[in-house]
Amino acid sequence: MTTAAATGSASSRTLAHPEPADVRLETVLHALADPMRMRVVRALAREEGAAGLSCSYFDLPVTKSTCTHHFRVLRESGVIRQIYRGTAKLNVLRRDDLDALFPGLLDSVLAAADRQAARLGDEV
């Protein structure tokens with residue numbers, strides 16, 4: 001890993017992201033297994049092409065600290081990229097990286113999540 005965090009020199013405005021070569025399937029699957037994190041990923045997938053969605057865009061029924069934890073797990077697993085724009089932290093799905101590493105995985109998981117949400121009447 002060659003990120004600033006790997007060397008311990010990340011500033012508070014620079015967030016550590018794994019290099020594509022360091023992204024592991026089991027870590028991605030763990031990140032996607034949580035319902036709140038899947039909710040975030042589904043929203044990011046729907047809004048792809050946007051410059052990113054701020055953390056405040058997501059209305060998750062959890063505390064702020066738990067929300068922060070979920071975003072950190074998604075970022076550290078390589079599922080999302082977080083970028084500061086002014087005071088906002090924007091979130092972007094790392095689709096290109098995930099598709100290159102695990103072809104079809106993200107589309108399959110998102111399609112299954114959409115089917116489950118429809119079946120359970122849990123549209124988000």
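Here is a short tour of this predicted model, stop by stop.

Before you start clicking, note that local features need pLDDT of at least 70 and side-chain atom pairs count only at pLDDT 80 or more, while totals for chains, interfaces and linings use all residues. Residues are numbered from 1 along each chain as its sequence is written, and side-chain values use heavy atoms, with hydrogens and water left out.

Stop 1: Select strand 1 (53-54), strand 2 (80-85) and strand 3 (88-93). Helices (H or I, at least four residues) and strands (E, at least two) are DSSP runs numbered from the N terminus. You're looking at an open sheet of 3 strands, order 1-3-2, with antiparallel pairing; strands pair if DSSP finds at least two bridges between them. Strands 1 and 2 are the edges, each pairing on one side only.

Zoom in on strands 2 and 3, which pair over 6 bridges. Show Ile83 and you'll find its bridge partner, Leu90, in strand 3. These two strands form a hairpin with 2 residues between them, and Gly86 in the turn has a positive phi of about 65 degrees.

Stop 2: Helix 2 lies across strands 1, 2 and 3, at about 80 degrees to strand 3. Helix 3 lies across strands 2 and 3, at about 115 degrees to strand 2. Axes here are lines fitted to C-alpha atoms, for helices over the stretch in contact (heavy atoms within 4.5 Å), and angles run from 0 to 180 degrees between N-to-C directions.

**Stop 3: helix 1.** Select residues 25-33 and show Val28, Ala31 and Leu32, which are buried (under 20% relative accessible area, 1.4 Å probe, protein chains only). They sit on the same side of helix 1, because they cover an arc of only 95 degrees around the axis, taken from the directions from the helix axis to the C-beta atoms.

**Stop 4: the largest pocket.** Finish with Cys55, Ser56, Lys64, Cys67 and Thr68, which lie nearest the pocket centre among 17 lining residues. A pocket is an open set of points on a 1 Å grid over the protein atoms alone, where a 1.4 Å probe fits, with protein on both sides within 12 Å along at least five of seven lines; lining residues have an atom within 4 Å of a point. The space is about 350 Å³, a volume filled by probe spheres set on the points, joined across faces, edges and corners. Helix 3 and strand 3 each give two or more residues to the lining, and helix 3 gives the most, with 6.

Terms used:
Buried < 20%, exposed > 50% of the residue type's maximum accessible area, 1.4 Å probe, protein only.
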